[in-house]
Amino acid sequence: MLGKGRKVSGRGETVTANYAFGPAEDDAIIKHRLLTRTTTTRGEPPLKKLQRKFTSFVLEVEKDEENYNDCAKLSKAFLQELSTFEIPLLKSKAVIDANLREKENFNELKDEINRQISLVQTDIEELKKQLEESKIERQHKEECEAIRKLISAQPPRSETQKSIREIEKEIAALEAENTAGSRLLELRKKQFALLLHVVDELQNTIEEDQKSLIEEMRMVTEEQKSGMDDASGGSEAMAVD
């Protein structure tokens, strides 16, 4: 890569040191050298050669001597060198113009391609939307088909209504049986309550009878005890007498 140089003095000569720069600067330097033709693969660079002939011609003209022949020769040599230098420039200009036209064509082609890409992207987005809508529609159809199969698997309406009527009859019979059972249970509750009341009354009567019997037995026992005491007192009195 070519770059900007600096002058380094050494042994009385000027040495150019090259440094690396970016691609844009490299392109600018190469373009400048191609236009000015300051570099060449062999021999003296054309621009320096042209400059040397022009300098020789000017120096010869500035002399005070009558050197018309030498000036004419140098002028002719300079014009020939200028013509030689101009031809490659014209060729380069033709190549540049052709490249510019080609670049314009490529830019137009690029714009057309970008336009086509934009259209294709728009079509792709539209197709994506259609695909999503198709997926949703297909899902709805599958759900409807599943519901249809489920409905088809069920018995006819007449059989269903018949089964409903039979079940309603069974429910009515069960309700009637339940009502009768509830009434019987209520009756049994009342009877059991009455039985408990009777048992309670009977238990109270038995307890009272037991108390009365115990009281009578206590009174009989006390009477017997009193009679025995009276009999014992009479015997002692008779003994004293």
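Predicted model: local features only at pLDDT ≥ 70, side-chain atom pairs only at ≥ 80, totals over all residues.
View 1. Glu222 pairs with Arg218 in a salt bridge whose closest N and O atoms are 2.6 Å apart. Both residues belong to helix α4 and sit four residues apart, about one turn of the helix. Arg218 is partly exposed too, at 38% relative accessibility.

View 2. Four residues separate the pair along α3, which means about one helical turn. Lys141 counts as exposed at 54% relative accessibility, whereas Glu137 is partly exposed at 47%. Look also for Arg148 and Glu145, whose closest N and O atoms are 2.4 Å apart in their salt bridge. An α-helix has 3.6 residues a turn, so residues three or four places apart point the same way. In total, the model holds eight salt bridges.

**View 3. A nonpolar patch that includes Ile117.** Phe106, Leu109, Ile113 and Ile117 form a nonpolar surface patch of about 370 Å². Ile117 is found in helix α3, residues 68–153, and is partly exposed at 39% relative accessibility. For contrast, the buried residues of α3 are Cys71, Phe78, Glu81 and Phe85.

**View 4. A negative patch that includes Asp209.** On the surface, Asp200, Glu201, Glu207, Glu208 and Asp209 gather in a patch of negative charge. Asp209 lies in helix α4, residues 157–240, and its relative accessible area of 47% makes this residue partly exposed.

Conventions
Residues numbered from 1 in each chain as written. Heavy atoms only, no water. Patch = residues over 30% accessible without salt bridge, like charges linked within 9 Å, V, L, I, M, F, W, Y side chains within 5 Å. Areas by Shrake-Rupley, 256 points an atom, 1.4 Å probe, with all protein chains shown as cover. Salt bridge = Lys/Arg side-chain N within 4 Å of Asp/Glu carboxyl O. Helix = DSSP H or I, 4+ residues; strand = E, 2+ residues; numbered from the N terminus. Buried < 20%, exposed > 50% of the residue type's maximum accessible area, 1.4 Å probe, protein only. Lys, Arg positive; Asp, Glu negative; His and termini not counted. Charge placed at Lys NZ, Arg CZ, Asp CG, Glu CD.
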